[in-house]
Structures are given as C-alpha cells and as structure tokens.
Amino acid sequence: MKTRFIVDLNRCTGCQACTVACMVENRLAPGLGLRKVHTFNEPHLPGAARYSLSLSCLHCEAPACVAHCPSKACFRDEATGRVVIDPDRCMGCRYCEWACAYGAPVFDEAAGVMTKCTLCAHLQEEGSDPACAAQCPTNALQVDDGSRAVPGTDQVEGFPETANKPSIVFIPVRRDRPDCTAMADGNAIKKRFRASDFASLPRISLSTEWPLALFTLAAAILCAWIVAAQLAPVRVHAGLFLFSGIGCLALSALHLGRKQKAIHSGANLKSSWLSREIVLFSAFLGFSFLWLIAFRESVILGWIASISGLACLFSMDRIYDITVKKSPFPLHSAGVFLTSLFLTAVFTAGPVAVLAFGSVKLVLYMGRKGYFWRTGQNARLLPSALRLGFAFAAVALSGRPDLALALFIASEAIDRCEFYMEQDMQSSFIGGWEEPRCPGS
Amino acid sequence: MQSLFEVDEMRVYVTACPRNCYSTCSIRVHVEEGRIHKIEPHPGNRATPDGLCLKGLSLIERALSPDRIVFPLRRKRGGAGFQRISWDEALGRVADTLKRLDEQHGPKSVLYYTGSGTKGLLNQAGLQFFKRFGGCTVTFGDLCWPSGLEATRLTLGENKHNAPWDLVHARLIVLWGKNPAETNIHQMTFIDEALKNGARLVVVDPRRTPSSERADLLIQPRPGTDAALALAIAHLLIKENGVDSSFVEKQILGYPEFRDRALAFSLDEAERICDVPLSAMQKLAGYFRDLRPATLCAGFGMQRYTNSGQTVRALIALPAITGNIGIQGGGWQFANLQSYLFGPASDDPDTDAFRAGVSVARLGTDMPALDDPPLKMIWVERANPVTQNPETGKVLDAIRALDFRVVVDQFMTDTAREADIILPAKTMFEQSDLINAYWHPYIQFKQKVVDPPEEVKPETEIFALLAERLGLKPCDAGAAMPGASDREVEAWLEERLAPFPGLTLDLLKSGPQIAPGHEEVAFSDLHFPTPSGKIELLSSEAEKRWGVDRLPSFKEPVESAARKDARYPLYLMTPNSKDRIHSQYNNLPMIRSLNPRPYVQMSPLDAEKRGISHRDKVAIFNDRGRIQMEARLDFSLKPGCVVIANGWWIPEGGAVNFLSCGRETDMGHGTAFHDNLVDVAKVEA
C-alpha cells in the first residue's frame, strides 16, 4: 500500500482540488475536511516565501493519536502502515485532535466519532491512488510506498516538528520568493505586521471545554476532602460525596460524542494519561465510597483512596502536556494536583500549609500574568482581580471556615477557567508565523 | 438514457467541462445505474492530463444539488417568492406574452440576453427561435475579452498561439495580468517544467498572486498603466540593442514609427506613470534581450480598462520586436482560437430582423434608452447580468422596468430572483454538444450521460415547444436546429462535423481530438492575415475603425486616480478566484466551506490611513454604490489598490458590480468595468 505523501512545493499553488477530491470520494458532509491546505505566510509578508502545505493524516510511524487514544480506537495497522480509527471503539473524546500536531483527526458530528484520512484504502485495493493525489491538477501531490529515493526534506518552515515520524517528503521550493516592486521600503510595511492578527482562532476554548473545567476542579476538591479526612478530623458527608462524584463522571462524559462507548476508555493504560486518569478516578471514587460507608475505621483503605485520588490528579495534569500554552512556565497555578494540595490545607485548616501552597499558587499566578502583560497578551485584569480578591477575602474571613472555603473555591474556579483559555492545539500553528511556544512534551 | 445507451452497469463516458475557462478539461464520467458515480481527468488531453480543478470536481454536487431548479417556476402574486407550475402553464404564459408584445410593439421589444454560462453549438437554438419569431433585440460586445481579441487581430491578423505544452520550451515567461494558478491551473505545470529547465518567470500584476510565488520578478504597476510600462520596456530594448533587427525589418509594418514613439516616451515619465522603479523595467528588458525564446501570456483583467485595446497592442510589440513570434517556446498568448471551427448552423441572423441595440457593457443604460420600440421583455439564458454586468443598480432598475422577464437557469441567482417565469436549465451531463476551447486546440464531445432530473428540459426543447405553441414555421429548408431526441441532437452535431473529414462523433467519444489544421507553433509560416501581411504595429484599420492612434499608445484610463478630476482614491480590482467561474459554483456547500464570505484585501498603508485593522468591517463605496464586508490586510498588495473577488451574490454582500461603471473599452465593444475608483471606510459596529 502507498502510504507516503510527496509534496512538490514548487508545483502546489494551494488550489484545494485535493481537499474537494477527498470530500467527493469519501462523501463527506460539507465542512468536514479530512485534507486541508494550510498556507505559510498567509499575510504575504514581503521578503518571505509563501507556499501551501496540503496535509491530511500523515500516517506516522510513531503516531501521537495512537499513543494518546484512551480507548485504543486509533491504531497503526503494521501490515499496511496505515493509521486507522476504529469507529466502533471511538467514543468521540476528541483527545486525538489535541494530540495530533497536523490536525488530521476530525470530529464527525453526525456519527459522534473521530474520522480521518484512510489513504482511500478502497481505491488502493482497486489499484488506484488516493483521490487527493490522483486528482491533483498539477501533480504536486503524489503518494508512493516509500521505497523510492526522493530528493526532498521532511521539514519545512511552518510544518510542525515532532517525533512522530510522519510519512511525508517535501520537495522544497527552488526559488522562495519574487522580488516585488510594490514597496520601495519593505520594512515600512513589515513594521505594520502584527502576528496576532493572523493567528488562527484558538481551537481549545472555555466555551466548549467548560464541562472539563468543572469536572477537573470538582475532582481536585473531592480528592482534597478525602485526603484532609486522613490528616485531620474533617467530616466527609457520604451522600454529598457520592452525589458529587457521580456528577463528576457525568460531566466528564458530557463532551463525548458517543457516551455508550466510554466503557473502552480505560483500555490504554500503557501510554495514555487520559486512560490512566479515568481508571484512577473510578478507583478513587470506589475506594472513597467504600471507606465512607463501610470501613471508616480502616486507615489503609483511606490512604488507598487518597493516593488513587492524587495519582488521578497527577494524570489529569499530564493530559495537558500535549497542548500549547500561552506562557512559558512549566507549572500552572491551576494545576489540579497543586490545587488539591492547597485545598487539603484549607480543609485541615493548617495555616502554615495554606500559606505555603497559597504562596506557590500566588507566585505562579502573578508570574504568568506579568508575562502576559509584558508580551502584550490579554492579561484579563478583571478575572485576575476577582481571583485575587476572593482569595484574600477568604484569608481575611478565616474565622468563618465555610465562607472562606467557598471563597477559595470560587477563586480556584476562576483560575481553572483561565487555564482553559490559555491552551491551544499544536495543529493551530501549521503554516503560522509564531513558533508554538513550549509544547509540554 | 434509454434511447442511446444501455446503462445497467458501470459505464465510463468521455466528456468535457463546458465552462468559460481556459482549461476546458477533458473528463471521464463513471455512471452506474443512471447515476453519476465519479469524475476524473481524461489523460488524452495534453493540456489538462493530471486533474480537474476544485470546481470541476464539484460538478456532481452541482448536478445533484437540492437547491437546483428542476421545475418551471412562476413568481407568486404579490411578488414574494416563486411557485412551481407546469410546463404547459409556463410555456403558455411566455407564448401569450410574446404574441401580445409582437402585436403591440413588434418583436424587437424583446431582448434576448445570453452569457457565457455554458459553451456549446446548441446555444444557437435561441437565436434560431427568434429568427422564426420575426426577430428581437440582441446585444453587441462582450464582458470578457473583445479589446484584446481586436488588438491581437489588428496586429497579428488572427487570434492563435502556440500549443499550451509548448510553453516548456520558453526561456522567459511573462505573465502579464494573468494568474493561471487560479484561472488556468494546468498552465502552471508547463510553467514549472520551464522553470525547472532554467527559464525565468516575470509576473506583471499589482497583486502578489499564487502565480507569482516562484517568479524571479514581480512588477506591480499602477492599474491601467500597462501600455506605459510596455512602451518603456520597448524603449529600453531599442536603446540597449535588444531588437531582432532582421525579423523587424521583414515582418513588421511600422517599426520605424513605433521606434520613434517608444524612444520619445521618456523613462522618467514611465517610472512616474506606472509607479515602477526603472531597475525593474531594466531587468525585464534585459531578460527579453538575453533570453530567447520568450512567451508573453496576457490575462483578461488588464484589457478591461477604457484604454486597453491600445494597451494590448503595446504588449504584443514586445514579443514582436524581439523576434519571438512564430518560434517554438515563444510568442504572444492571449486567445488560441484554433479549435473555433464551427460557424452558425444557418446563415447569419437577418440583420433587419435583429436589432443589435444594447451594448453588453452598458446594459443598464442602453436598455431603458431604446425607443421604437422600447424594450418590454427580456429572456435571459446562461447569464447572470444582475451581478456580472457593470452597474448592478442600473441593471436591476432596467430589468425591473420591463413588463416581463424569463430566466433560464439551474439556480436561484440574483437575476433569476427578478424573473416572472424561471425555466429549469440542464447541466453539462444532460445533453450532448460539441465544445471548443480558447487555450488548447481540442475539439471535444460533451456527452449526455444521464437524463435531466424531474422536469428539466434542454433549451433546444424549450424553444421547439415554444415555436410549436406560437405556430412558427422553420425558416430554412435544412432544419436549423435539431429535434428534441438524443438521436436527433447527435445527428445534427454529426452534420456540423461533416466538413472535417475524419472528425466524427464516434472518434470524439473516445477522447478529445486536436482541431484539423492545428499549428503547434502559431505563425511559424510567418503568414499574418493583416492588410499588409505583416505584423502591424502601425495599423490604419485601428485608426479607421476605432478612432485610436495608429501606433500603440498610452492614455490614462477615463477613471484614474492620477486624473485631477478623480473623485475617489483607490483602484478596485475585481479578479476571478479559483473558487468560481464568475458567479457560478460558490453556492455549492462544498466550495463555500472553503471560502465562506467575501472580503476586501488592502495594503496596510491604506488601511492605516483609514483607521482600519485586519478583519474590521468596512464599506467600499463610490457614487455608484456601496457594499460592506470584512477587510483583510495584504502586505504585498500595491498600495492604492483594493481587491474583491468577483462573483459573490447580492445576499452574500459582495456583489462588486454595484461599484463598477458601464463603459466600453477603446476597441471591440469590450467592457471597461475595471476603470473603477472607490474609497473604503471602517463601519462602526
């Protein structure tokens, strides 16, 4: 089977015939593009090359989607070299969309599952090339089995650099740009360029990810509650805990395209932090509930529940290793593990621990805001003021623990929401002008 | 498809795309159980072997679109919306109106308006019908290319050029106002081959386009000043020993006069007029001097100015004086009409019966100005004049002022919306026809592969039924038009091929065929069918027929920002984009998903002066109209120019011809809608 794409950047004009050929051949709903044509230098900056990157799934040798898929719906067919999504296992969690730097997996709203380029296996079985290559009007896009030596390169500017070993070769441009006569002074025009004008819209946003924000924060609170109960005489209301825990599970399933397939979500403990998180969260709920209703005296069971909770939160933080962050700090003040430690301190009312973890959070938060301010990004002053205001009010109201707890949680909720506003998918940066900043992995 | 083919199983048909497009691709269509299953390129066409463009690939979606008009429609009483009616009612209403208007005002009160929506010999059906009806009013001139055609005819005697694939032999390629990456994608393959062989590419365009990305030089003149640029380059060639003196002496009429004209044109002035640095002109002149063969490919947009016939004459002078005409890899490429073999099926329309009273360029002003008789009815076919002719506001008024409007179309276009009766139009898959091309030399058989859906009837049948209803008799002995059946259509087409021995429908069913008499290298015999038999840089005919200078010359366009009386500062360019052919295709969800909204591109310098940022909502306006859309900054666009792709529909907010003016070009009765000054302002949200 032919699995390697060869793209001649001299010949590709960005005509999008490949995109349409793919839609026609695979009978895709309008807007469901499995092959996209990205443009490097969209704004036409003088003195810089402009070329088109026609990309679909690149059938990587070490695919990120396969490593991160919690349900093992994504797999690499070793016999053919194709990377495939099994629609019967896919639960539509869309995490492969985050994991893939090339923007290959696409969510099919109608089916509720992810879909992507199949290399037109049905055509290849008949001896034809995939539609995109077969229909390319300039023959800029070709596929082969990788055995031929191609005078190309696997890396051009604007194409994401990863360790995934994508199956693509570019034939680089012979001459990268014309001498333009429009502007005597190209610098005058370049001075007016703001990269942010041309940045693509963030593909991760609070408006779509709010169930995750709520779920992750709630998990941190529940875990802190159980841990605190091991350290101090903190009362845990079993009914409320169970109700919240099940609420959390429901929230986490809310964004799945096919909720009934969630059963497969723990299938990839070997390499998926998402799988680990889901299994550990279920374990945490189960052990905690058992401890609460039947074995309240068992210190061992209490600590097993606590540790599975903390391990779950650690996994939860790791899930976001694959996104691109707007700030360069390796730790986020709204990381759930840190938040849970802080809230544990609040629950146990240990002033030293509250101060210690609170200070860490404050430093991280202020450091990040300062960075946004310095780099001209939106520092979101109003939410910041609220977040800090709530936290300091909680400290001031430490005489009334319930109110203080509520204020701390409100303050943490703001930070967690901001966390989602500061993430983006790696694939948003294909062809872009800014290098993706500090990808986590 | 009962009559001609058995279609139980998958069958593959050879056909051709009938759009008004350089490429006119050869296509293979797979049909299974009466449904089109797949389309793919036909490798037998050397000009388009590799693949169709995105529009061609969407032809199935187009034919099967749920938005397609598949029944006759009548405007509802009260004017809001349309209702389905029977063919009987539709034809009855049209026939009654034609009869009444004929009695009251005479046949010339009916305007028969056609465009370039689909190509084919059967398009003559309408004129044949009106001939039997006793005549009608028709248009003269064209929206597209007449000034370039006429300028080429005056200079070289004929519109033809080397075969498309010959371009790989060029050592210098100049794309002058042409953007093949979006309008003739298959030419880019030949350009790339030439570049791989070491050729130089120069693009002349105020925009930086996908066609200019691999160029050595992009010259960005002020719009409408191309003649000045060409004269300056000729000046440099003459001064710097770049003229092929033996070719010039033998083959050119009026070289000494042209030489004096070019030398009298000062380079300082050219720099000022074109706003192009002398160094760039020197570089292009140097290429012309040193690199042979050189091919100059001119686009159409540059010849839609009021001075453009003279512009094109100046452009042709460059390959001419450098001896690049008639050689492999060289020449002047504007239109290659070597496949235009077929004349009208019967004699030319009787000039008395037809009144050529409306200039296409001035549709909105000429229609209401007609008298004796005034226009009462319009029949529109293969056209969308509301958005595609200049001055949409006036065109709308003129059409609305009539008593009765019939529109034949596949979709509810802005023109169809104005109709009293809409008749459903066939697609390319639903009737056979013969197709020629204006870039490559192939004759092609556009085959019927499926029956028309629902109640769609081809125009030949519509006109036949209408003639029957009106009791019209055929006016010449041989049937000017075929009968309704597929067999009759094929027999009629076969008859058109009769003068060309060896060229049969059977042969064409196997693949595209090169037109008889094709010259791979045009003018290689150095025979120029001009009055003098030479290349005429000095043309008395140009002066006599069009009242222009006998020599190529530069004059500012009527609407130019350099004129003292200019009322607006920015040149609005309205080029075609890869996403549509004029106003066709963008209504299909597949194409729309790639480019959903109109936008205006502008230089950051012009935007800054007006307080406009990237993606702001802006108004583009002049005395003729105003449209609103998103602004996008383009850092390589020539300052002073703004660009909106043409073809957006009125409800989409991007109908650019609200802003253009109905003027003719200096020759050929072309349409000078690119003489179009506007201003842009931010719209406060």
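Which residues of α5(B) are buried?

The model is predicted, with local features requiring pLDDT of at least 70 and side-chain atom pairs pLDDT 80 or more, whereas totals for chains, interfaces and linings use all residues. Residues are numbered from 1 along each chain as its sequence is written, chains are lettered from A in the order in which they are written, and side-chain values use heavy atoms, with hydrogens and water left out.

**View 1. Helix α5 of chain B is mostly covered.** Of the eleven residues in this helix (146-156), ten are buried, that is, under 20% relative accessible area with a 1.4 Å probe, protein chains only. They are Pro146(B), Ser147(B), Gly148(B), Leu149(B), Glu150(B), Ala151(B), Thr152(B), Leu154(B), Thr155(B) and Leu156(B). The cover includes α13 (308-321), β13 (331-333), β21 (535-536) and α20 (540-546) of chain B. Helices (H or I, at least four residues) and strands (E, at least two) are DSSP runs, numbered from the N terminus. Gly157(B), with a positive phi near 95 degrees, follows α5(B).

**View 2. Chain B meets chain A.** Here 55 residues of chain B are in contact with 50 residues of chain A, contact being heavy atoms within 4.5 Å. About 4300 Å² is buried between the two chains, 55% of it from carbon and sulfur atoms; buried area is the accessible area (1.4 Å probe) that two parts lose on being put together, summed over both. Arg208(B), Arg214(B) and Phe635(B) supply 20% of the area that chain B buries against chain A, more than any other three residues.

**View 3. A salt bridge joins Arg174(A) and Asp192(B).** Their side chains meet at 2.8 Å, N to O. The rule for a salt bridge (a side-chain nitrogen of Lys or Arg within 4 Å of a carboxyl oxygen of Asp or Glu) finds four across the interface of chain B and chain A. On the side of chain B that touches chain A, α7(B) gives the largest share, eight residues.

**View 4. Thr19(A) lies in helix α1 of chain A.** This helix spans residues 17-25. Thr19(A) is buried, with a relative accessible area of 4%. Its side chain reaches the backbone oxygen of Arg35(A) at 3.3 Å. Not counting residues up to four places away in sequence, Thr19(A) touches Arg35(A), Lys36(A), Val37(A) and, from chain B, Leu594(B).

Notes
Buried means under 20% relative accessible area, exposed over 50%, partly exposed in between (1.4 Å probe, protein chains only). A polar contact is a pair of N or O atoms within 3.5 Å; within protein, one must be able to donate a hydrogen and the other to accept it, and residues adjacent in sequence count only if both atoms are side-chain atoms.
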